[in-house]
Amino acid sequence: MSTGLHMKPDVVEAASALLGEMKDAASSLTYGALLTDDGFDVARYPVKADGERFAGMASSMQALSEAVAHELKIGDSEYIIIASGKGHVVQLRVPGKELVLSALFDNDATVGHALATTRQFAQKMADLLR
Amino acid sequence: MAEHVILFTGPMGAGKTTAIQSLSEIEVVRTEATNSERHIVDKATTTVALDYGEILVGAQEKVRLYGIPGQRRFNFMWTILKKRAKGMVLLVNTDAPDPIGELLFFLKEFRELYDKGGVVVGVTRADLVEGPSLAEFSDALERTNPGLVIPVFTVDPRKHHQMQNLLLTLVVNIEMRAAFGMAGAR
């Protein structure tokens, strides 16, 4: 019987380290989370934040984006962006994994920069899990 | 065309997605993810946002069927979905660790749907394990919610006709209560 990625200490450790590295690379990152497809928090930045509720919401959003892409027959959902007055949330799947990276950037980052950074670190996470 | 919006609730593994799949006349919108909790409920995938299907009852009544994710961590979806619903099919699997506790928990969480329309209960997986009887489920409802009229059936969510009977019972219940001014006030 498989165990969720959030219960694997090596995955949690790698995910935590990756989010720290992401913050070093992008000072505009104010919140980042790696979560399982079914809504379990694997790691988050800042660590002391309560990630359980957000992980559930982000996983629902991911699944809904995939359902919309399926409904409209436009291929896979590649990323989600929520733009707001105080920042942007960028979310995408870790390539080939049942993991999602969701990141909040303040308005010092452009949407393009936020998306590029999130993509880069999602790919890094995939490489770490290979 | 008249419309009903019905919410399928109950714990993870009760059969909500299967029930909507059995009933729906359109391709069901599903939001399934790999289940990390197979040590708790041994199934490959689980709903993480909602299920959505539609069925016509008679020639002119469309019933929109929404299913919730059963796990407590998705209760933000419960808040969103219960706002739009006017009735509830509450499914409880008898092989859950505490099926009567789950029944009472979900009824309490979604109690406003009784006030807005009506509720029916479907007891699932009753053929697989020796769980509480229908009388015990009904007694628990009567003891904790005296005066509520909530029919309780055993059902197999895979069987279209069984689910259709359950749904029709709810629709008739909602319409009768509305006709007599017993529901829809809120």
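The contact between the two chains takes 19 residues from chain A and 17 residues from chain B. On the chain A side, helix α2 (residues 52-71) gives the most, with nine residues. This is a predicted model. Chain A has three helices and five strands, while chain B has six helices and eight strands.

**The interface**

- By class, the side of chain A that touches chain B has six nonpolar, eight polar and five charged residues.
- Helix α2 of chain A supplies nine residues to that side.

**Chain A: overall build**

- From the N terminus on, the elements of chain A run α-β-β-α-β-β-β-α.
- The C-alpha atoms fill a box of roughly 40 × 40 × 25 Å along the principal axes.
- A compact globule of 130 residues would have a radius of gyration near 14 Å, and chain A agrees because its own value is 14 Å.
- Of the 130 residues of chain A, 42% count as buried.
- Among contacts in chain A with a separation of 6 or more, 53% join residues 24 or more positions apart.

**Chain A: helix packing**

- Helix α1 (residues 9-25) and helix α3 (residues 111-128) of chain A have axes that come within 11 Å and cross at roughly 150°.
- An angle over 145 degrees counts as roughly antiparallel, so α1(A) is roughly antiparallel to α3(A).
- The crossing of α1(A) past α3(A) is right-handed.
- From α1(A), the residues in contact are Ala14(A), Ala15(A), Leu18(A), Met22(A) and Ala25(A).
- They meet Thr117(A), Phe121(A), Lys124(A), Met125(A) and Leu128(A) of α3(A).
- By class, this contact of α1(A) with α3(A) divides into eight nonpolar, one polar and one charged.

**Chain A: backbone exceptions**

- Most residues other than glycine have a negative phi, and most peptide bonds are trans.
- The peptide bond joining Tyr45(A) and Pro46(A) is cis, with omega about -5°.
- Pro46(A) sits in the loop between β2 (41-45) and α2 of chain A.
- Lys73(A) is not a glycine, yet its phi is positive, at about 55°.
- The loop that holds Lys73(A) runs between α2 and β3 (80-84) of chain A.
- Lys73(A) has 6 other C-beta atoms within 10 Å, so it is exposed.

**Chain B: overall build**

- The elements of chain B run, from the N terminus on, β-α-β-β-β-β-α-β-α-α-β-α-β-α.
- Along its principal axes, the C-alpha trace of chain B spans about 45 × 40 × 30 Å.
- With 186 residues, a compact globule would have a radius of gyration near 16 Å; the 15 Å of chain B agrees with this.
- Buried residues make up 46% of the 186 residues of chain B.
- Of the contacts in chain B with a separation of 6 or more, 71% are between residues 24 or more positions apart.

**Chain B: helix packing**

- Helix α3 (residues 99-109) and helix α5 (residues 134-144) of chain B pack at an angle of about 40°, and their axes are 10 Å apart.
- That angle makes α3(B) oblique to α5(B).
- α3(B) passes α5(B) in a right-handed crossing.
- On α3(B), the contact is made by Ile100(B), Leu103(B) and Leu104(B).
- On α5(B), Glu136(B), Phe137(B), Ala140(B) and Thr144(B) make the contact.
- The residues of this contact of α3(B) with α5(B) are five nonpolar, one polar and one charged.

**Chain B: backbone exception**

- Arg125(B) has a positive phi, near 60°, in a residue other than glycine.
- Arg125(B) lies in the loop between β7 (119-124) and α5 of chain B.
- Arg125(B) counts as buried because 21 C-beta neighbours lie inside 10 Å.

Notes: Residues are numbered from 1 along each chain as its sequence is written. Chains are lettered from A and ligands numbered from 1 in the order in which they are written. This is a predicted model: local features need pLDDT of at least 70, side-chain atom pairs count only at pLDDT 80 or more; totals for chains, interfaces and linings use all residues. Axes are lines fitted to C-alpha atoms, for helices over the stretch in contact, and angles run from 0 to 180 degrees between N-to-C directions. Helices (H or I, at least four residues) and strands (E, at least two) are DSSP runs, numbered from the N terminus. Angles under 35 degrees count as roughly parallel, over 145 as roughly antiparallel, 65 to 115 as roughly perpendicular and the rest as oblique. A crossing is left-handed if the near helix is turned anticlockwise from the far one by less than a right angle, and right-handed if clockwise. Two residues are in contact if their C-beta atoms, placed from the backbone, lie within 7 Å. Ala, Val, Leu, Ile, Met, Phe, Trp, Tyr, Cys and Pro count as nonpolar, Asp, Glu, Lys and Arg as charged, and the others, Gly among them, as polar. The radius of gyration is taken over C-alpha atoms; the globule rule is 2.2 Å times the number of residues to the power 0.38. A residue is buried if 20 or more other C-beta atoms lie within 10 Å of its own, exposed if 12 or fewer, and partly exposed in between; C-beta atoms are placed from the backbone.
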